[in-house]
Amino acid sequence: MKLYCLSSHPSKPCHVLRFKGITIMLDCGLSSQTVLSFLPLPLVPSARLSGLPNWMPRDCSNPQLEGELKECCGRVFIDSAPEFCVPQEKIVDFSEIDVILISNYLCMMALPFITEGTGFEGVVYATEPTLHIGRFFLEELVQYIEQTPKASLASHWKDMLHFLPPPLCDSLKPRSWRHLYSLSAVNSSLSRIQMVGYDEKLDVYGALKVTPVSSGFCLGSSNWIISSDHEKVAYISGSSTLTTHPKPMDQSALKNADVLIMTGLTQTPLCNPDSMLGELCITVSTTLRSGGCVLMPCYPSGVIYDLFECLSGHLENLGLTQIPMYFISPVADNSIGYSNILAEWLSQGKQNKVYIPEEPFPHAFLIKNNRLKHFKNIHSEGFSTEYRQPCVVFCGHPSLRFGDSVHFMELWGSNPQHAVVFTEPDFPYLEALAPFQPLAMKAMHCPIDTSLNFTQGNKLVRDLKPTTLVIPESYLKPPVEAPNRTDLLIEQTDRNIISFKGGDVLTLPLKRKRAKVNLSPEVCNKLVVNEVRLGVNLATLTGQLHVKDNNHSIQVLEQTSNGSSSHAGNNLSKKLPRRPEETLAQMRYEWGSLDLDTFIQRLKEDEGISDAKVEQSATGYIIHLPKEDALIQVEDKSTHMYCDPELRHRLRKVLLQCLNRI
């Protein structure tokens, strides 16, 4: 079994597994941290951003670099449309991929890069919420980029990395970065997805079965089980044991796997989601009471549902129900509407509300009471008349490089009354704020990552008891910001652990040892069982092996008519190969241990060899035949003969006559 690691980001995984002739891609996450090297794309022209000075390296006079780099508060940015770090393309030919398994909507952002223009002809499996909410994420990202096109694209800076200051000089393979796909590519790639349900067993060309099970991370999120008749591989990505709105994690199905591949653990191991949520509520309420507004850069689904619920309840307890909350996204309508019709994918508590009947999420109630208002963008009809301060604004993108969040950062950045609160863990908040410096508004980092932390991850591994654990290399050492926290890593016990990093190709210790073969009833009726020893029975069989769609079956050997070639001459018939049924019918199978006394006696009687000398060795016996210049080495499970070919044929015939035959 081979595992190819195409992503360097453990929380944006992309792996390819090759086993039993099948090539399976596990997730296709897109690393967006590269966009932090680019200047923001404002919705309206920004005099501040356009007025930033050009930057050129001291020891470089390349005129083609002119205008590609800008400087802001000592930091250098690329003035171009943002580019993304796609899964590595040179390791695996994407046209050879048979199946893509998607764990959740955060791990499918690179799907158009994989399926479009690469010759991909396979199938993609994902749950219904993953497909539809993933569509929201993809469409929102495309619209954010396309609504603010750049007149020119910068590329010459990639040739001069060694002249550039950090972090640009540390960019990983920037030549492989890609501009975003189009909306038509998104629609084409999503049309390849087949929707599946939890615990549904899917056949992959007869060789493997793949089954999604709930991971508890977000709506429709899955872990995957890849199994054959005798092997089991479990893949964990983006899982959670916290009690939130998704259906709880199913751990029992993942137990006792031969190989467990685990990714998607928390990106913020030093932060507790509950305490972060408490700090967020305090920061928001304090800012609102002082007359300021709060910007919360977010994704259009996921944790935002829980933020609506918790924050509205907190403000209600403080008597701040008059404070409006705005959710601004090109897909805001679809996201809010769709979340209320997914009862089967929700936790039991949320499901129970559906049958009362009552909306499972409180944001439906908030919208009815005008406490939560949603718009496609700031130019939408009604936004200017509905907008009032102080307020809370939820909008994208969490990177602060495109989307409506750029506009609010430009609008509020110079006012210390306002605040920006970061809840998404995907981007370092200081890096996100860098092109908006100097910044007067308050900035609060409250990352809410409900993924498994390392304590939960270690407990999960102990409970699942895999034979081999495969994890990212970074999970075996503490985080850089807490080098002494040895509890913030995956424990290395007696269990076999294999680590990987981006670009690695691993050989996993799982080999095909057995395969299931079905016997036809006709073959079974012809079996003659022989008892070789007490409690052990053997039977030989003769038949035709049929292999179709990786399913093996043995059928009765078809007999051919002896007279079918009666017209042929005798000389011709002698040259023709013997028919299969004639050859197989004469086959016999020998078994058992060699009786040395019987063998020596048969050598003397049948071959006239009377000078055999027997010596005991560490593994059996050695029989020396001096006159024939031959040596026979007899062991428990094998026999070796060292002599000329003609004598070996005769000796083999004698030896087989000394064994049991069936």
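## Terms and basis

Contact, the sense in which packing is used in this report, means heavy atoms within 4.5 Å. The model is a predicted one, in which local features need pLDDT of at least 70 and side-chain atom pairs count only at pLDDT 80 or more, whereas totals for chains, interfaces and linings use all residues. Residues are numbered from 1 along each chain as its sequence is written, and side-chain values use heavy atoms, with hydrogens and water left out.

## Helix α17

Helix α17, residues 596-607, has 12 residues and reaches 16 Å from its first C-alpha to its last, close to the 16 Å expected at 1.5 Å a residue (the expected span is 1.5 Å times one less than the number of residues). Helices (H or I, at least four residues) and strands (E, at least two) are DSSP runs numbered from the N terminus.

The buried residues of α17 are Leu596, Phe599 and Leu603, where buried means under 20% relative accessible area, exposed over 50%, and partly exposed in between, with a 1.4 Å probe and protein chains only. Seen down the axis of α17, these buried residues fall within an arc of 60 degrees, so they line one face of the helix; the arc is that of the directions from the helix axis to the C-beta atoms. They pack against β31 (613-616), β32 (620-625), β33 (630-635) and α18 (645-657), while the face turned away from the buried side carries the exposed residues Asp597, Lys604 and Glu605. Just after α17, Gly608 takes a positive phi of about 70 degrees.

Strand β2, residues 15-19, is mostly covered, with 4 of its 5 residues buried. Strand β1 (residues 2-5) pairs with β2 in the antiparallel sense over 4 bridges, and two strands are taken to pair if DSSP finds at least two bridges between them. Within this pairing, Cys5 has His15 of β2 as its bridge partner.

On its pairing with strand β3 (residues 22-26), β2 again runs antiparallel, here through 5 bridges, and Met25 in β3 is the bridge partner of Val16. β2 and β3 form a hairpin with 2 residues between them, and Lys20 in the turn has a positive phi of about 55 degrees.

## The surroundings of Ser451

Ser451 is found in the loop between β21 (442-445) and α13 (454-464), and Ser451 is buried, with a relative accessible area of 9%. Leaving aside neighbours within four places in sequence, the residues in contact with Ser451 are Phe217, Ser239, Gly264, Leu265, Thr266 and Gln456.
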